[in-house]
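User: I'd like to go through this one label by label and hear what stands behind each term. Could you start once the model is up?

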Amino acid sequence: MNEKSYTELMKLGAMKRQRKENFVQDLYIDMLLSEIQLGIEKEKLLKKIDCAIDHRDKKDFYHLSKQLIEINKRFGT
């Protein structure tokens, strides 16, 4: 039988908690980076859409609008 001491069990428990905390931190970081990426992509597209409107370029406007819709779908917004 493989019995562990109280100290070993406490160390294992602390290590498991640390792994869970690291996972949650990594998840928050990924979410933050995705949000930043979405903001940058949307901002660029919106500027291009404004430019297409200014130049009365319907083809570009529709193409860029579809891209914006796809980005919103991809990020669930």
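Analyst: Let's call it a contact when heavy atoms lie within 4.5 Å. With that cut-off, and leaving aside neighbours within four places in sequence, Ile71 is in contact with Leu38, Glu41, Lys42 and Leu45. Keep in mind that this is a predicted model, where local features need pLDDT of at least 70 and side-chain atom pairs count only at pLDDT 80 or more, while totals for chains, interfaces and linings use all residues. Residues are numbered from 1 along each chain as its sequence is written, and side-chain values use heavy atoms, without hydrogens and water.

User: Why does Ile71 count as buried?

Analyst: Buried means under 20% relative accessible area, exposed means over 50%, and partly exposed is in between (1.4 Å probe, protein chains only). Ile71 comes out at 9% relative accessibility, so it counts as buried. Ile71 sits in helix α2, residues 58-74. Its C-alpha atom is 15 Å from that of Leu33, 38 residues apart along the chain.

User: How many helices and strands does the protein have?

Analyst: Two helices and zero strands. Both kinds are DSSP runs numbered from the N terminus: helices are H or I with at least four residues, strands are E with at least two. Helix α1 takes in residues 6-54, and Met31 has its place there.

User: What makes the protein more spread out than a compact globule?

Analyst: The radius of gyration is taken over C-alpha atoms, and the globule rule is 2.2 Å times the number of residues to the power 0.38. For 77 residues the rule gives 11 Å, but the protein has 24 Å, well over that, so it is more spread out than a compact globule. The C-alpha trace spans about 80 × 20 × 15 Å along its principal axes. Buried residues make up 12% of the 77 residues. Tyr62 and Leu9 are 62 Å apart, C-alpha to C-alpha, and 53 residues apart in sequence.

User: How many salt bridges does a search of the whole structure find?

Analyst: Three. To qualify, a side-chain nitrogen of Lys or Arg has to be within 4 Å of a carboxyl oxygen of Asp or Glu. Side chains of opposite charge can pair when their charged atoms come close. Glu41 and Arg74 have their closest N and O atoms 3.1 Å apart, a salt bridge. That pair links distant parts of the chain, with Glu41 in helix α1 and Arg74 in helix α2, 33 residues apart. Glu41 is partly exposed at 23% relative accessibility, and Arg74 is exposed at 52%.

User: What separates Lys47 and Glu43 in helix α1?

Analyst: About one helical turn, because they are four residues apart. Their closest N and O atoms are 3.6 Å apart, and the two form a salt bridge. Lys47 counts as exposed at 55%, while Glu43, at 46%, is partly exposed.

User: How do you know that Glu70 forms a salt bridge with Lys73?

Analyst: Their closest N and O atoms are 3.9 Å apart. Both lie in helix α2, three residues apart, about one turn of the helix. Glu70 is partly exposed at 46%, whereas Lys73 is exposed at 59%.

User: Why is the pair of Phe61 and Tyr62 called edge-to-face?

Analyst: A search of the whole structure finds one aromatic pair. Its rings, those of Phe61 and Tyr62, have their centres 5.6 Å apart and their planes at 65°, so the pair is edge-to-face. The rule: rings of Phe, Tyr and Trp (its six-membered ring) pair if their centres lie within 6.5 Å, with planes under 30 degrees apart counted as stacked, over 60 as edge-to-face and the rest as tilted. Phe61 is partly exposed at 28%. Tyr62 is found in helix α2 and counts as exposed at 51%.

User: Which residues make the nonpolar surface patch?

Analyst: Phe23, Val24, Leu27, Tyr28 and Met31, over about 530 Å². Patch residues have over 30% relative accessible area and no salt bridge; nonpolar side chains (Val, Leu, Ile, Met, Phe, Trp, Tyr) are joined within 5 Å, like charges within 9 Å. Accessible areas come from the Shrake-Rupley method with a 1.4 Å probe, and for residues only the protein chains shown count as cover. The accessible surface of the protein comes to about 7100 Å², and 58% of that belongs to carbon and sulfur atoms.

User: What is the phi of Arg56?

Analyst: Positive, about 55°, although Arg56 is not a glycine. Arg56 is in the loop between α1 and α2, and with 76% relative accessibility it counts as exposed.
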